[in-house]
Amino acid sequence: MVSQFSQAARPAKHTNVQPIATPELPSAVPLMALSTGFWAFKTLAAAHELDLFSRLAGGPGATAGELAQALGLHPRPAEMLLTGCATLGLLEKTDGRYRNTQLSEAYLVRGTPNYFGGFVQMADKRLYAGWGKLAEALPTNRPTTWDPEVQSSLFDGEDPTMLAYFWEAMHSMSAMSARKLGEAMDFSRFRRLLDIGGGSGAYDIELCKQYDALCATVFDLPHGAEIAAGKIAVAGLADRVDTVGGSFFDGLPEGHDVHLLSMVLHDWDEATNRALLRRSFEALPSGGAVVISELLVDDEKTGPVSAALMSLNMLIETEGGRNYTPAEYSAWIEEAGFRHVETVWFDAPAASGGVIGRKP
């Protein structure tokens, strides 16, 4: 008799059942990069605040020890900061000496023509705190960098230093974007440009440099027009660019054959933008044109990253603004009466394209 024990000891029969394959998980590396994105920004902001790039400008470079002493830093964090900046492409190291890369030398040295540090400062001192409250802005649909309950606008009661950061940021971004717009669109057929909400006049300065026959008017609130007048004088263009203080809600100056709306319409809701475009149509002569220069969200509203995130920035900075699509702008322009609407594309910090309409 075979015992139950020996029966149980017999080997089991093999089957052809295969283990169930589980799908391979995607890499979590992109999430790590997203989660720590502020690490890179704060490295840039801290180095800029310490004037690291201005100190290295045009020189033979410096060792970590020399920079630590010059910046008043302990050697340990100094080495960490320099390593971080080198990793981010802001510094290069040769024979133990750190130097600015072309990127830093071109844009992060104070007093240079293309200085971008104003935006770095604004993002660090103003926007960073506002974005920290994004989760509050989403359900309330209210800005976080200022309080509409007690302020008439984001400029009302703002710290003068913070306002200086804002205007320098806008000027540096606008100047670079204006050059690209001037290359993408031919302004040679126009003689007089009205820059509606023109801020510091950066677009006017750059476009008039590119087009010798063009003159321009910066139309903005009085404090903006005053800042623009100073920038225009420094650029030596006071004979071709003037300023007018006022509100585009009250009307637009006449006598211009092209209107420019650069980084203006993203501040406002759809109804306000439609009304402003109708006002532009009424003020322009036959054959005139309106140009909208913005970071454009694609028509499917899936990107690009720069425009989509700028749109979220409008949530924390404005009461009703967002970044719009070429299709939205084109519809509003045609609704106002313009025809032959087209979109031109370019690559710049503050704008990715221009939507253009012409008055019959």
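Mentor: Let us begin with handedness. H10 passes H11 in a right-handed crossing; a crossing is right-handed if the near helix is turned clockwise from the far one by less than a right angle, and left-handed if anticlockwise. Helices here are DSSP runs of H or I with at least four residues, strands are runs of E with at least two, and both are numbered from the N terminus. The model is predicted: local features need pLDDT of at least 70, side-chain atom pairs count only at pLDDT 80 or more, and totals for chains, interfaces and linings use all residues. Residues are numbered from 1 along each chain as its sequence is written, and side-chain values use heavy atoms, with hydrogens and water left out.

Trainee: At what angle do helix H10 and helix H11 pack, and how far apart are their axes?

Mentor: Two packed helices are described by the angle between their axes and the distance between the axes. For H10 (residues 160–184) and H11 (residues 202–210), the angle is about 35° and the axes lie 8 Å apart. Axes are lines fitted to C-alpha atoms over the stretch in contact, and angles run from 0 to 180 degrees between N-to-C directions.

Trainee: Which residues make the contact?

Mentor: Contact means heavy atoms within 4.5 Å. Among the residues involved are His171, Ala175 and Leu181 of H10, and Tyr203, Ile205 and Gln210 of H11.

Trainee: How many helices and strands does the protein chain have?

Mentor: The protein chain has 15 helices and nine strands. Its C-alpha atoms fill a box of roughly 115 × 60 × 45 Å along the principal axes. Buried residues (under 20% relative accessible area, with a 1.4 Å probe and protein chains only; exposed is over 50%, partly exposed in between) make up 45% of the 360 residues.
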